[in-house]
Amino acid sequence: MVRGKFVSLTCILVTFVGVTFWSAWSNDRAFTELVRYTQLSAWSLAQLELELQGFQEGLTLYRSGHLDGRELNKRYDLAWNRLDIFLNGEEASAIRARFGAADKVGHIFSLIKQHEPDVVSPQRDSPALGQLAAGLGEAMPAIRSLMVENFTGQSAIRQRASLLQSRQDNLWLLSALLLVGLVMLYMLSRETRRHQFLAWNDPLTLLPNRAAFIRQLEQEARRHGNQGRPLTLCLIELNHFKEVNDSLGYASGDALLVKVARAMASFIAGRAYLARIGGDEFALYCFEPLAPEWPDSLLAHLQQLVFEADPAHRVKVSMGLSQSRVSQHQVEEIMLFADIALDNARQQGGAASCSIRPC
């Protein structure tokens, strides 16, 4: 199950990274296209308007006698070439199809071509040049309107809105993936903590298990061994506990184990390390001096509890103690002494305790 969640989380993270890169690339592409379109369109229209204005101004100066015919022809050629490029060039293809630009510019081109002979061999008082000047005066505002419509009107607003919408959609998608990833990470973390807890604790009583008890005892022994502090190790067993499960059911047996665990935890009140090390066996140790009467008091307390929980009064509590200094004996030896004491108490029958204090 955990492995499946790891795989799912990995897939989500890979997807998240992929979508992030795709989103960045998509936004960059859209931004690049918008910038490219804006730059090329603005340059194309600006050059067109500039060359037409130059020719229009040259036509006015020529008719007033302030410009010669060769300069007029030069400006005419520039305007002609710019019109031809705009109507046929690739860089102006996008803007040519918008707002009737092809028709508006085509009209000016037709007007200029119609008066080509009048410009090539100009006469200052030619009525045809006057008609050309008037026609340009009427057509030029259309070129200016193209600039306004493309870069300051609704078209520019829609382009920016489209870019912003694309960015917002990508943001929502990334947020959703991030949320799913965080949920999966939380679930995986919770599952990992649960497995970690079950590795070192008893799932029924929630007490530390045998592995945790031994690990903690060895760590404490290494820390206190050089200080000469005495170690008290106590093993407690519920004799005939299996008969409770057989007669009253496993639910009653589990309830009794939970009651015993809680009673012991309440009795020692944090003065000792308590664990469930077997099906009906508990253990505790302490490096602090304990009152001489505490084993008998604990035994009487537990026996009264199991007496009330078992209607047939079959369950008896046995207790084995071992008290020694860690500097004199290994932890394994001290546990063995406690186990021997527990076996002696068990053989006595009834509620009994036995204590061993090795030299």
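This report covers the salt bridges of a predicted model.

## Basis

Local features need pLDDT of at least 70, and side-chain atom pairs count only at pLDDT 80 or more, while totals for chains, interfaces and linings use all residues. Residues are numbered from 1 along each chain as its sequence is written, and side-chain values use heavy atoms, with hydrogens and water left out.

## Salt bridges overall

The whole structure holds 8 salt bridges (a side-chain nitrogen of Lys or Arg within 4 Å of a carboxyl oxygen of Asp or Glu). Some of them form a network: Glu237, Asp343 and Arg346 are linked this way.

## Pairs within helices

Arginine 194 and glutamate 191 form a salt bridge at 3.6 Å, N to O. They sit 3 residues apart in helix 7 (residues 154-200), so about one helical turn separates them. Helices are DSSP runs of H or I, at least four residues, numbered from the N terminus. Glutamate 191 is buried at 10% relative accessibility. Arginine 194 is partly exposed at 47%. Buried means under 20% relative accessible area, exposed over 50%, and partly exposed in between (1.4 Å probe, protein chains only).

Helix 8 (residues 210-224) holds glutamate 220 and arginine 223, 3 residues apart, about one turn of the helix. Their side chains meet in a salt bridge at 2.5 Å, N to O. Glutamate 220 is buried, with 13% relative accessible area. Arginine 223 is partly exposed, at 47%.

## Arginine 314 and aspartate 310

Another salt bridge joins arginine 314 to aspartate 310, at 3.1 Å, N to O. Aspartate 310 is buried, with 1% relative accessibility. Arginine 314 is partly exposed, with a relative accessible area of 23%.

Definitions and conventions: Helix = DSSP H or I, 4+ residues; strand = E, 2+ residues; numbered from the N terminus.
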